[in-house]
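The entries are kept in the order of my reading.

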Amino acid sequence: MATNESGSVGKPMNRVDGRLKVTGAARYAADWPIDGLTYGVIVQSTIGSGRVASIDVSRASKARGVIGVLTHKNAQKLPDKGRAAVNPPAGRVLTLLQDGEVHYNGQPIAVVVADTFEHATDAATMVAVTYEKGTLAADFDAAFPSAYPLPEKPAEPGRNTRGHYVRGDVDAGLASADVRIDQTYTTPKENHNPMEPHAAIASWEGGQLTVYDTTQYVYGARDTVAKTFGMKPEDVHIISPFVGGGFGCKGSTWSHVLLAAMASQSFKRPVKIVLTRRQMFGPVGGRPQTHQRITLGAKSDGTLTAIRHVTTSHTSFIEDFLEPSGIVTRMLYAVPNLESTHRLLKLNVGTPTYQRAPGEATGTFSVEVAMDELAEKLHMDPLALRLKNYAETDPDTGRPFSSKALKECYRVGAELFGWSKRKAQAGTMRDGKAMVGYGLATATYPTYRSPATVRARMEMNGSDVRAVVQTASQDLGTGTYTIMTQIAADALGLKPSQVRFELGDSHFPKSPVSGGSMSAASTGSAVHVACTALRQQVLALAANDPSSPMHGIVATDIGVSEGRLITRSDSPATETYAEVLARQPGKAVEATESSAPGEETKQFAMHAFGAVFAEARIDSDTRTIRIPRLVGAYGVGRVLNAKLAHSQMISGMVWGVSQALREETEVDPRNGRYVNADLAEYRVPVNADIHDLDVIFVDEDDPHINPIGAKGIGEIGITGVAGAIANAIYNATGVRVRHLPIRLDDLL
Amino acid sequence: MRDFHYKRAKSMEDATRSISGDPTAKMLAGGTTLIDLMKLYVERPDFIVDINPLGKISSDLVAIAPLAHGGLRIGSLVRNSDLAWNDLVKRDYPVLSEALLAGASGQIRNMATVGGNLLQRTRCEYFRDTSMGCNKREPGSGCSALDGFNRMHAILGTSEKCIAANPSDMSVALVALDAQVRVRSSAGAERTIPLVDFHLLPGEHPERESVLHHDELITAVDLPAIPFARRSHYIKVRDRSSYAFALASAAVALDLRDGMIHDARVAMGGVGTKPWRSHVAEKALIGLRASDDAWRAAAEAALHGAKPHRYNKFKIELAKRTLVKTLSEVAAM
């Protein structure tokens, strides 16, 4: 995609949907006004393992306003016991009242439907349940000996996603090392907690089902619902124009969506289910706990000779889900001998899921702290150690990187941060009562892309034209509406205000999941291709129309600016899109085009990189930890919207602070109960915790990666941050903390 | 939420008499604890008597006024924000203003009242989860926190039945300041309870949290004149910069003359099952020269006998350091 100086791509344009959001006009899943709407409330198990021995709904059924209660006794029998859509990881193993088995504490065991949310909530407390308790495993440490290797699956193109991976000879590499680090790092269970909780409204009309959902994957929701009910996909209509944050937990369709549809079918009226904040802990996934043992070997000059990274993370008893912390290790440094292994252990908890930078967020913590430990042992600057082992080509695949500006990121970031002022001796920098420390870590995330299809139509809008561009993508609050509008406007030669971009509807052409930081690359490329095709169609109409001033001019010689056609030669011929369209029957032109990754995935390794620098200040009395500043320098290819990109990056960095210092889901080992399941007790940072966040995008022109030259930026912002902060805390205090979150308890 | 009857009180008599006939009835002031716990089914009143209208009938309930012989009377319906920003409070009892502003969020402080905050209930997660045993919520059902996640729990004043921490910041400052709680019963009888005796230790009956009778309405809190309280300070240590309950906090006032400690007020939060006035720390300080040794001696005395559990062992050292820091900062004022 050629850079267009006069174009809108790259500009810090405000969100096109900003006004709708601040005025409350944006309609989120729970906001849709539906005639005859009823309210479903999920009753959850209060044991962690076993089965429902009896469930008495007589009192609940008679409670005021109650329409019905769905349990495993009366729920409709779904094809394949509700597992027809299960094809992990896309389709999840759900709990849909097909039996009385209980796999975790908080599992849905009934749905109460009433005329109001309050009535349903109250009646839900009246459902009387007795259980036969089974064997419980809710303690990660106790279950650790039961860990098993991840079942093998084929590698994906361009990225080795196998659970077990070896190159070279790690034992020989370690034996040849002058210095070794062998440590264990742990990260806790975390839960996503987007501002908007999960919500779904299900409404049947004959054999057609409409679901107003909040989802990161419109087509995934459609297919999951359709397969689960044994329906044709086109009989399910998913509507999800606004999503109030997803971060991975809305990437899969969870039980409540199907339960809303089941209740709606059973009780023959539209049913809305909105999860409470407490219900966000368990039934809709979270980041799994990890235990990572890392062994590093290096020569005395810092050259890495071997890395072994063994990750153990937990999953549920109903599905294998992996936090692939060790995958990032395979490509981070030029080390000839490497082993990266993943193991799972089963706990009676809700199945974990993707959470912002799954794998990289936890892996860049452990590896980058291990590198800091190695640097200290080598008496080397941590930045010099990283440069010593800089990978010019991908050590995993041996392929060249499509682009890699990491060296520049290190340089620019270090300069802005003032890295040279760091004192190597831990615990020696002071400012009054504050112990001060500097730390750094590398950030990275792969660039993915999936096929996407976009329909673009140019039509009259009064005396002007507008383009309506549609695809079933999603905007999680990140700015998809805006960047797609910019891409479409530039491709068509229109002002952004002449473009209406629409998403979030399964009647639109398919776009991939908004996950893996690939919406911009996938859907953006398809928008570019479709709008370019549409423009060529309109230009061809003009060129072929004897009544057009452009008649006879080759379409490729015609340029468009703000809807006006001009020739690239000296010809004075000109007219507008509106004039061309006005002469067309129907006064509209449409193009539908797809874009998909190609040979580049086999030729190149494609990743975004960055360098994160953190300052930590620790009160020498109370050991309160403060992060006064973070500097992140990133190479992410083309920046599509400077303002939104900056917001994306600082949001990732804020979450990195949260991961480093705040978040931990507590599961009671005695019964698998989620203990701190609210936002008072599950702590995320407040504004006062966040100070200076500096983001720099270094210039990076990537001609190979995709038609718009952009790498995804959804996840890279969180990566590296926890590692940089942990390293800064060590530099400040001399206390090496190898677990997250790091709290003052650890420093007293 | 369950259905309940609701009534707006017409007078103090109406409020206290209405509530006296129904053992489940609750008075509603700011609602920041009560409504929250009703949504969780921890509180299950059948009858709510809204006492907010009383502020319009009896202006004393919403007033902050100097007492004839020194000191301050604070109406029980005074909002936490109004109390925190009151000029007399800021001048004469800065520790109280600081404690209030260290608590909750702006929105909650705008609702929460002085009387309600004295009765704020614990944030123990097991108390708040009706599927777990809790002797405070359901006597005899066992304490889940003893062997559970107890990082936030108390280390002073605990019993085998309950280790829940009192969450109030305001009460810590008030108990340091010798506050007196004025209450009025349904029969119109008035009595004054020293705040230090107002809250009960859990002992065998953690469900009993204060000496307030069911039919009594808190009408005011009196602060005696403590001239040296102008030299007072509150430090709260928590997991984030705002909107978190104390891991440890300290309220301190010092009467210093020529470097000698003539008198002291010391209370601690986040560590006790009730707002923790430390007379032993005060005794340890009085007569000593202001010095790090004095602060350390007071901190050792204050935490003497502290009983931690699995996840809150750090609180002993943290509380000592918090108290030392607060004492030294007050001395430097």
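**Entry 1: the model.** I note at the outset that this is a predicted model.

**Entry 2: nonpolar cores.** I first looked up the largest nonpolar core, which holds 88 residues. Within this core, A:Leu374, A:Leu630, A:Tyr634, A:Leu661, A:Ile725 and A:Ile729 touch the most other members. Helix H9 of chain A, residues 360-378, gives the most to the core, namely 9 residues. I also found a second, separate core of 54 residues, and A:Trp204, A:Leu258, A:Phe267 and A:Val284 are among its members.

**Entry 3: H16(A) and H17(A).** I next examined helix H16 (residues 642-661) and helix H17 (residues 721-733) of chain A, whose axes come within 8 Å and cross at roughly 55°. From H16(A), the residues A:Met653, A:Gly656, A:Val657, A:Gln659, A:Ala660 and A:Leu661 meet A:Val721, A:Ala722, A:Ile725 and A:Ile729 of H17(A). I sorted this contact by class and recorded 8 nonpolar, 2 polar and no charged residues.

**Entry 4: H12(A) and H13(A).** How do helix H12 (residues 480-492) and helix H13 (residues 519-544) of chain A lie, at what angle and how far apart? I read an angle of about 30°, with the axes 8 Å apart. Angles under 35 degrees count as roughly parallel, and H12(A) and H13(A) are therefore roughly parallel to each other. The crossing of H12(A) and H13(A) is right-handed. The contact includes A:Ile483, A:Met484 and A:Ile487 of H12(A), and A:Val527, A:Cys531 and A:Leu534 of H13(A). By class, I recorded 10 nonpolar, 5 polar and 2 charged residues.

**Entry 5: H12(B) and H13(B).** In chain B, helix H12 (residues 292-302) and helix H13 (residues 314-331) pack at about 140°, with their axes 9 Å apart. That angle makes H12(B) oblique to H13(B). The contact includes B:Trp295 and B:Arg296 of H12(B), and B:Glu317 and B:Lys320 of H13(B). Its classes are 8 nonpolar, 1 polar and 4 charged residues.

**Entry 6: H6(B).** Last, I looked up helix H6 of chain B, residues 94-101, in which 6 of the 8 residues are buried, so H6(B) is largely enclosed by the rest of the structure. The buried residues are B:Pro94, B:Val95, B:Leu96, B:Ser97, B:Ala99 and B:Leu100.

Conventions
Residues are numbered from 1 along each chain as its sequence is written. Chains are lettered from A and ligands numbered from 1 in the order in which they are written. This is a predicted model: local features need pLDDT of at least 70, side-chain atom pairs count only at pLDDT 80 or more; totals for chains, interfaces and linings use all residues. Side-chain values use heavy atoms; hydrogens and water are left out. Axes are lines fitted to C-alpha atoms, for helices over the stretch in contact, and angles run from 0 to 180 degrees between N-to-C directions. Helices (H or I, at least four residues) and strands (E, at least two) are DSSP runs, numbered from the N terminus. Angles under 35 degrees count as roughly parallel, over 145 as roughly antiparallel, 65 to 115 as roughly perpendicular and the rest as oblique. A crossing is left-handed if the near helix is turned anticlockwise from the far one by less than a right angle, and right-handed if clockwise. Contact means heavy atoms within 4.5 Å. Ala, Val, Leu, Ile, Met, Phe, Trp, Tyr, Cys and Pro count as nonpolar, Asp, Glu, Lys and Arg as charged, and the others, Gly among them, as polar. A nonpolar core is a set of buried Ala, Val, Leu, Ile, Met, Phe, Trp, Tyr and Cys residues joined through side-chain atoms within 4.5 Å. Buried means under 20% relative accessible area, exposed over 50%, partly exposed in between (1.4 Å probe, protein chains only).
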